[in-house]
Amino acid sequence: MQITDTIADMLTRIRNANAAKHSTVDIPASNMKKAIAQILVDEGYVKGFQVIEDGKQGIIRVTLKYEGASRTPILSGLKRVSKPGLRIYSGAEDMPKVMKGIGTAIVSTSKGVMTDKEARKQNVGGEVLAFVW
């Protein structure tokens with residue numbers, strides 16, 4: 001089966017594994033997904049990720065992060081913003097704030113994939129890929 005929106009598939013896999021309290025989740029690899037996974041690690045939403053070479057596309061294994069004995073997920077929400085049928089772009093000055101600055105927007109810019117805060121700092125706009133909180 002061909003997946004048309006691979007980023008939405010990645011976010012859904014992470015969201016489902018998080019809800020089921022799995023420790024890791026495997027995602028087919030791509031450079032865009034590696035950049036998104038790196039942002040999730042840098043912002044503290046997931047513990048880490050590693051790229052596993054399988055001779056084909058490769059697999060990104062994301063290690064999810066929980067707090068306490070009750071295993072409460074650190075990551076409470078993931079939302080795909082720009083979809084293949086409706087692309088959402090934003091300039092540097094009107095970059096969206098997720099939950100009034102508590103969350104993070106992941107943006108694909110001409111200088112690479114970065115957070116909304118970093119895009120504002122570097123004064124670049126781009127395609128708003130997802131919201132994370």
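I looked up the helix pair in this predicted model. The axes of α1 (residues 6-19) and α2 (residues 31-42) come within 10 Å and cross at roughly 40°. Here axes are lines fitted to C-alpha atoms over the stretch in contact, with angles from 0 to 180 degrees between N-to-C directions. That makes α1 oblique to α2, because angles under 35 degrees count as roughly parallel, over 145 as roughly antiparallel, 65 to 115 as roughly perpendicular and the rest as oblique. I noted the crossing as right-handed, the near helix being turned clockwise from the far one by less than a right angle.

I listed the contact (heavy atoms within 4.5 Å). From α1 come T6, I7, M10 and I14, and from α2 M32, K33, I36, A37 and L40. I sorted them into seven nonpolar, one polar and one charged.

Next I went to β3, residues 59-64. Helices (H or I, at least four residues) and strands (E, at least two) are DSSP runs; strands pair if DSSP finds at least two bridges between them. β1 (residues 24-28) runs antiparallel to β3, with five bridges. I found I27 opposite I60. β2 (residues 46-52) also runs antiparallel to β3, through six bridges. V46 has L64 as its bridge partner.

I checked the β2-β3 hairpin: six residues lie between the strands, and G55 in the turn has a positive phi of about 85°.

Last, I read the faces of β3. I60, V62 and L64 are on the covered face, while I59, R61 and T63 are on the uncovered one. In a regular strand, side chains alternate between the two faces of the sheet.

Residues are numbered from 1 along each chain. Local features need pLDDT of at least 70, and side-chain atom pairs pLDDT 80 or more.

Notes: Side-chain values use heavy atoms; hydrogens and water are left out. Buried means under 20% relative accessible area, exposed over 50%, partly exposed in between (1.4 Å probe, protein chains only). Ala, Val, Leu, Ile, Met, Phe, Trp, Tyr, Cys and Pro count as nonpolar, Asp, Glu, Lys and Arg as charged, and the others, Gly among them, as polar.
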